[in-house]
Amino acid sequence: MALRDDQITSLEESSIMSEVKIGNRPVGGRHPCYVIAEIGINHNGDLDIAKHLIDVAVAAGCDAVKFQKRTVDVVYTPEELARPRENPFGATNGDLKRGLEFGHAEYHEIDAYCAKKNIAWFASCWDEASVDFIDHFDPPAYKIASASLTDDDLLRHTRAKGKAIILSTGMSSLEQIDHAVQVLGKKDLIILHSSSTYPAHYEELNLRVIPVLAQQFDVPVGYSGHETGIPSSVAAAAIGACVVERHLTLDRAMWGSDHAASLEPNGITRLVRDIRLVETSMGDGVKRVLDREKPVIEKLRRVHGPRIQGA
């Protein structure tokens, strides 16, 4: 499905009435872009690192932080868990996956810490038991990862919680997305365009899909980025992404699978700053002569045209 350049503005206008609340915060329409710092598993199983990442997100001006929750023995096969993989927790992939999972005690601290720091938090839940686990903390939304988009049972179980749902669409066709939307329904649904490569190459990002999804599904559409830089995520916001989600790390050189596709503290700070500057710059679309331009007209314009209305 192709989209002409001149359709982007009209698509943005057509989605003005489409908005979803994440907690008390309206998302979509002309509301400011909702910026999510994806901590995921970049805490490396260390609660102190998780709290440090929350601090970074707060200082940068992010609207929420997000974690990932799995029931390891449900999500992974026994063969995958037994696969040799040297890591700080042991010698198998199962040792790693179990070591990265926070339990109730850790999430209780995360919940209290985020409340103290006045930032929203929620999680991508990869199985039904994980949805039930996170539900104890009354999150404002649930994220469905791209890998779970085709899991109808998980989609239905998540929808039954009655919260806003953010659906990532990496590694998925339009037909698969359409099916997931039919399963979930459009109420309180936000779709995120994404490319599930880590880190993603710029030629893989295809940001023009964002207004295509808005036109196709008539729900708020955002962007979940796995690239290493910032400009493409700012561009996503400029063409109408109501949510921008980026992975956050303290250092890209840390051990772990997601750090290389993440932003460091300086990067996430610049991202939020630049998105807010772009939002300010977009204006209202009405061409007018600014009051601050009038002295410049007197100084530089040799021939004055028709009288400026209101001058």
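**Contacts of one residue**

Mentor: A contact means heavy atoms within 4.5 Å. Setting aside residues up to four places away in sequence, I36 touches A64, K66, F122, I166, V243, V244, E245 and R246. This is a predicted model, in which local features need pLDDT of at least 70 and side-chain atom pairs count only at pLDDT 80 or more, while totals for chains, interfaces and linings use all residues. Residues are numbered from 1 along each chain as its sequence is written, and side-chain values use heavy atoms, with hydrogens and water left out.

Trainee: Is I36 buried or exposed, and where is its place?

Mentor: Buried means under 20% relative accessible area, exposed over 50% and partly exposed in between, with a 1.4 Å probe and protein chains only. I36 is buried because its relative accessible area is 0%. Helices (H or I, at least four residues) and strands (E, at least two) are DSSP runs, numbered from the N terminus, and I36 has its place in strand β3, residues 34–40.

Trainee: How many residues of β3 are buried?

Mentor: Seven of its seven residues are buried. Y34, I36, E38 and G40 lie on one side and V35, A37 and I39 on the other, and both faces of β3 are covered.

Trainee: Which strands pair with β3?

Mentor: Two strands pair if DSSP finds at least two bridges between them. Strand β12, residues 243–247, runs parallel to β3 and is joined to it by five bridges, and within β12 the bridge partner of E38 is H247. Between I36 and H247 there are 8.4 Å in space, C-alpha to C-alpha, although they are 211 residues apart in sequence. β3 also pairs in the parallel sense with strand β4, residues 64–69, over four bridges, and there G40 stands opposite F67. From β3 the chain crosses to β4 through helix α2, residues 47–60, in a right-handed β-α-β crossover; right-handed means that, with the strands pointing away from the viewer, the path from the first strand over the helix to the second runs clockwise.

Trainee: Which side chain of opposite charge is nearest to R159?

Mentor: Lys and Arg count as positive and Asp and Glu as negative, while His and the chain ends are not counted. A salt bridge is a side-chain nitrogen of Lys or Arg within 4 Å of a carboxyl oxygen of Asp or Glu. R159, in helix α8 (residues 152–159), is buried yet has no salt bridge, and the nearest side chain of opposite charge, D188, is 5.0 Å away.
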